[in-house]
Amino acid sequence: MHFAELAAHADLGSAARCNVAGRACRAAGEHTRSHDWYERGFKIAKSGERRALINTAVRSLLGLGRLLQVQGRPHEAARYFKKAVKRSTRRDRRALAAEANHDLFAVLAELGQYPMALVHARGAVDFYGPKHPRFPYAAHDFAFLLIRCLYFRPALELLQMLPRYFTRPEEAALVWSTQAWAAAASGERERFLVAEERTVRAIGPATEYSAPAMTHLAEAARATGEWERAERYAQAAADAAREWGDTGTERESRELLQAIRMRQQGAATLNPKEAELAELVQTYKARLRRWKGPTPGARPPPAR
């Protein structure tokens with residue numbers, strides 16, 4: 001973090017270095033400094049007309065949105081992601097438009113705004129190219145959206161395609177945990193148990209994925225009516241989120257823990273039109289089969 005900030009201070013006119021400093025501060029839990037660097041990077045970049053500066057401006061917006069998510073401010077995060085969608089689409093930056101739509105539909109799914117989330121899930125799959133390294137991540141997040149829409153079996157089918165694309169253990173843990181949730185909710189107990197075991201085996205030390213993975217296992221256990229098991233996972237999720245400094249996930253985990261202790265079933269939602277969802281599911285599956293990008297675990301996705 002300190003080296004990133006020194007580099008940014010040494011070249012205060014560089015929007016890219018401001019973004020790097022913002023990202024480093026966010027990772028270190030220095031959220032106020034992270035916000036300041038991203039804001040500075042955006043102000044510098046938006047004043048430029050060159051392609052690199054336009055791209056950097058969008059990355060600043062994406063970075064600010066992600067920071068707000070970590071701080072537990074998803075509504076504000078969504079506003080930044082919407083700005084990123086608008087700016088990248090207007091300037092025909094397809095790769096960035098894909099990432100912006102992806103981040104936006106993921107946060108809208110968290111907010112329960114499913115119809116709009118599906119609009120941007122469509123935008124993401126339309127803009128992502130066949131070699132973009134983030135597409136498997138988008139497929140995972142779309143499967144999470146399907147779970148939120150109570151479309152469990154198609155989510156499970158999509159999730160079963162994903163593990164081979166994720167070689168880093170912490171990311172594999174998240175993918176397996178989401179599969180465990182979809183399997184449990186689909187009544188596929190054996191698949192739930194296998195996915196649960198692989199999640200626990202891969203989870204390792206606390207990372208940004210640990211708390212969400214534990215939350216998904218808690219939801220899976222709740223779906224099967226195994227309340228004590230669900231409570232253990234929800235408590236582990238809250239502890240991991242606190243250790244990582246993810247305020248939003250910690251709050252959600254504690255709310256889930258309280259609901260589990262009160263023996264509340266998962267909240268039901270209205271299913272979107274199944275025909276529309278089925279077509280979009282097939283689009284994601286077909287695109288995933290044709291994907292030719294690097295294995296996501298082989299290198300991190302574009303950072304912001």
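A charge sits over a ring if NZ of Lys or CZ of Arg is within 6 Å of the ring centre and within 35 degrees of the ring normal. The model shown here is predicted. In this model, Lys-83 lies over the face of Tyr-80, at 5.1 Å from the ring centre.

**Helix H5**

Tyr-80 is one of the buried residues of H5. Others there include Pro-74, Ala-77, Phe-81, Val-85 and Arg-87. Helix H5 covers residues 74–90.

**Helices H6 and H7**

H6 takes in residues 94–111, and H7 takes in residues 114–127. Their axes come within 8 Å and cross at roughly 155 degrees. Angles over 145 degrees count as roughly antiparallel. Therefore H6 and H7 are roughly antiparallel to each other. Their crossing is left-handed.

**Helix H8**

H8 has 14 residues. From first C-alpha to last, H8 reaches 20 Å, close to the 20 Å expected at 1.5 Å a residue. Is H8 mostly covered or mostly open? It is mostly covered, with 12 of its 14 residues buried. Among them are Phe-135, Tyr-137, His-140, Phe-142, Phe-144 and Ile-147. H8 is followed by Leu-150, whose phi is positive, near 65 degrees.

**Aromatic pairs**

Rings pair if their centres lie within 6.5 Å. By this rule the count comes to six aromatic pairs. Two of the pairs are set out below.

| Pair | Centre to centre | Angle between planes | Type |
|---|---|---|---|
| Phe-144 and Trp-181 | 6.0 Å | 70 degrees | edge-to-face |
| Tyr-165 and Trp-291 | 5.6 Å | 80 degrees | edge-to-face |

Each of these pairs links distant parts of the chain. Phe-144 is in H8, while Trp-181 is in helix H10 (residues 169–185), and 37 residues separate them. Both Phe-144 and Trp-181 are buried.

Tyr-165 and Trp-291 are 126 residues apart. Tyr-165 lies in the loop between helix H9 (152–159) and H10. Trp-291 lies in the segment after helix H15 (274–290). Why does Tyr-165 count as buried? The cut-off for buried is under 20% relative accessible area. Tyr-165 has a relative accessible area of 6%, so it is buried. Trp-291 has 9%, so it is buried too.

The aromatic rings also form a cluster. Tyr-128, Phe-135, Phe-142 and Tyr-284 belong to one aromatic cluster. Phe-135 and Phe-142 are buried residues of H8.

Where is Leu-217? Leu-217 is in helix H12, which runs over residues 210–223. Its relative accessibility is 0%, so Leu-217 counts as buried. Leu-217 and Tyr-233 are 16 residues apart in sequence. In space, they are 6.3 Å apart, C-alpha to C-alpha.

Key
Residues are numbered from 1 along each chain as its sequence is written. This is a predicted model: local features need pLDDT of at least 70, side-chain atom pairs count only at pLDDT 80 or more; totals for chains, interfaces and linings use all residues. Side-chain values use heavy atoms; hydrogens and water are left out. Helices (H or I, at least four residues) and strands (E, at least two) are DSSP runs, numbered from the N terminus. The expected span of a helix is 1.5 Å times one less than its number of residues. Buried means under 20% relative accessible area, exposed over 50%, partly exposed in between (1.4 Å probe, protein chains only). Rings of Phe, Tyr and Trp (its six-membered ring) pair if their centres lie within 6.5 Å; planes under 30 degrees apart count as stacked, over 60 as edge-to-face and the rest as tilted. Axes are lines fitted to C-alpha atoms, for helices over the stretch in contact, and angles run from 0 to 180 degrees between N-to-C directions. Angles under 35 degrees count as roughly parallel, over 145 as roughly antiparallel, 65 to 115 as roughly perpendicular and the rest as oblique. A crossing is left-handed if the near helix is turned anticlockwise from the far one by less than a right angle, and right-handed if clockwise.
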